[in-house]
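Here's a friendly walk through a protein model for anyone meeting it for the first time.

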Amino acid sequence: MADPVRTDRRSADVLRVGNCSGFYGDRLSAMREMLEGRSAGPDGTSRPLDVLTGDYLAELTMLILGRDAMRDPSLGYARTVVGQLEDTLGLALEQGTRIVVNAGGLNPAGLADRVREVARGLGLDPAVAHVEGDDLREWAAELGHPGALTANAYLGGFGIARALDAGAEVVVTGRVTDASLVLGAAASHFGWTPADHDALAGAVVAGHVLECGTQATGGNFSGFTRLPRRHLPLGFPLAEIEADGSCTVTKQDGTGGAVTLDTVTAQLVYEIQSTRYLGPDVTTELDTVRLEQVGEDRVRVSGTRGQAPPATLKVCVNELGGFRNSFELVLTGLDLDAKEAWVHEQLDHRLTAASVTWTRGITPRADAERQEDAACVLRCTGLDPEADPVGKAFTGPVVELALASYPGFTLTGPPARPTPYGVYRPAYVDRAAVTHVVVLPDGTREVVPDPTDLAPTGPAPADLDDHGRRPSPYPAPADRLTRRQPLGTFVHARSGDKGGDANVGFWVAHDAPGDAEKRADRVAWLFKVLSPKKVRELVPESADLDVDVHLLPHLGAVNVVIHGLLGEGVAASTRTDPQAKALGEWLRSRMVQIQEGLL
């Protein structure tokens, strides 16, 4: 029998879905804050959330959970969610808020059992379901990844939907896509089928906006200096989803940050690739998304179109790559180049690790009034398949130079032990190799069928140009006098990683001075200037790398993908910014020629 609370809400025009976690390690109090908080809906009334989601997984997280499971096979899930549920499960059940989390990681059944155990200790008896079938380690071995620590297919949201249809009050999943948490809840509430491509695509966009928590309300936002209520903890976002997949993004009353066209755009362009956002349930056309500010802290998202999903599923494969270690030297004052050169003369022939990477910070200012301003850091990172070459054989030689090297020799910290690192390898598998299973609250196991309408996996549509860009609807600005200014003068950016690729989304700020006509001219300028050639100029490291540039006209945005900039992924990268989180901010600081009329 269907849950009576859910039956009443199924007929409601709007499904209110919130998020309380963007990663494993996010604010622990957020689950309670989202359950206790309130915000006025479109009709002015305030009520609890219908569904609260939590995203705990990332490619790096799967590696961390894999190492946990190696030590204790009963683990492999995000353990912090247990304490959060122990604190809030009673409140969620009392107000009828369903909880859907992907915190099950590599062991969703184990986490589901742990939730039941916690509930019994609280005198509660929630209906708990879980979704599994994403674990493909056996497949990985057969397909040439015998050393895979983890191999997980990205599942869709219809297993979640089936669990909610069966009355589940808590749903735990393994590796579904981040947006599937929201899509599954909406599909259940509105009765969508796999053929409802536009509605599903709208839910994917809503899920993508919510999945990283406070990144949609001002977190990591390049316009933070104009962000209101910065003294308060940023509020986590929620979406009021409608039957056609449109939604309004907002946040709860009295929380920090803001929901604006810019904060929502910032999350929309985060860690995507082309204009076609491929998912297991639908292919979302991101260049159809339209935003409108409809009130304070209220942004409506509409117009999203969807197509059939691809015939293959993406797989996240993590392998143990070996061991790593690093040390940092401080160079101070004069003769910095000579000091660095002497370090290389003394150490290079003694470091036997398979890979040794040196990086040096910015050259300090002359005649600095503080010692810190006269110094820079010289960092060395070693990688090797074995631990010994990055153990004492790596740190010992540099410690021995403490009294025998350049003047002012300083280490930023004591020598450390080597740590294992992983290598991320994306893969794709035919859906026939994956059995998507939902285990209902009564223990019944059901296979979730694949969509019958599938698109062949292949190149982008033919109307894209050689650089993967759709033709710009904006006329290019006329040549005028230009001034050399930072790219970020009126352009925001948000960057991140997609495995070994770096993704940067740029868009013309809505909060910059100027009218709508000037913003259109600025968008046209941005579309013209950010070619693959220009990106390679701005990022010299990408000179020999493939660079894709995609236009998102309705958002006034350009998405840039620099393939291979991060090597074999965050866990193996030796860059100081291994997840490319600061890449966008660096690029905003780069100088470009801007027409004077646009300033």
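## Starting inside: V315 and the cores

Let's begin with V315. Setting aside neighbours within four places in sequence, V315 is in contact with L136, W139, A151, N152, A153, Y154, R425, P426, A427 and V429. Keep in mind that this is a predicted model.

V315 also turns up in the largest nonpolar core, a set of 74 residues. Along with L15, L136, V171, W192 and I241, V315 is listed among the residues with the most contacts inside that core. Helix α9 gives the core its largest share, nine residues. There's a second, separate core too, with 33 residues, including F490, F506, V558 and L587. In soluble globular proteins, nonpolar side chains tend to be buried together.

## Rings that pair up

How many aromatic pairs are there? The count comes to five. Take Y406 and F409: their ring centres are 5.3 Å apart and their planes meet at 45°, so this pair is tilted. Both Y406 and F409 are buried.

Then there's F490 with W525, where the ring centres sit 5.5 Å apart and the planes are at 65°, so this pair counts as edge-to-face. F490 is in the loop between β21 (482–486) and β22 (491–498), while W525 is in helix α13 (residues 516–529), so the pair ties together parts that are 35 residues apart in sequence. F490 and W525 are both buried. Elsewhere, ring pairs join F327, W358 and F394 into a cluster.

## Two buried loop residues

S405 belongs to the loop between α12 (392–399) and β17 (410–411). Is S405 buried or exposed? Its relative accessible area is 13%, and being under 20% makes it buried. Beyond its neighbours within four places in sequence, S405 is in contact with W342, V343 and Q346. S405 and Q346 are 59 residues apart in sequence but 8.1 Å apart in space, C-alpha to C-alpha, and a polar contact of 2.6 Å joins their side chains.

T214 sits in the loop between α9 (197–210) and β7 (237–242). With a relative accessible area of 16%, T214 is buried. Its contacts, leaving out neighbours within four places in sequence, are G219, L234, G235, F236 and P237.

Conventions: Residues are numbered from 1 along each chain as its sequence is written. This is a predicted model: local features need pLDDT of at least 70, side-chain atom pairs count only at pLDDT 80 or more; totals for chains, interfaces and linings use all residues. Side-chain values use heavy atoms; hydrogens and water are left out. Helices (H or I, at least four residues) and strands (E, at least two) are DSSP runs, numbered from the N terminus. Buried means under 20% relative accessible area, exposed over 50%, partly exposed in between (1.4 Å probe, protein chains only). Contact means heavy atoms within 4.5 Å. A polar contact is a pair of N or O atoms within 3.5 Å; within protein, one must be able to donate a hydrogen and the other to accept it, and residues adjacent in sequence count only if both atoms are side-chain atoms. A nonpolar core is a set of buried Ala, Val, Leu, Ile, Met, Phe, Trp, Tyr and Cys residues joined through side-chain atoms within 4.5 Å. Rings of Phe, Tyr and Trp (its six-membered ring) pair if their centres lie within 6.5 Å; planes under 30 degrees apart count as stacked, over 60 as edge-to-face and the rest as tilted.
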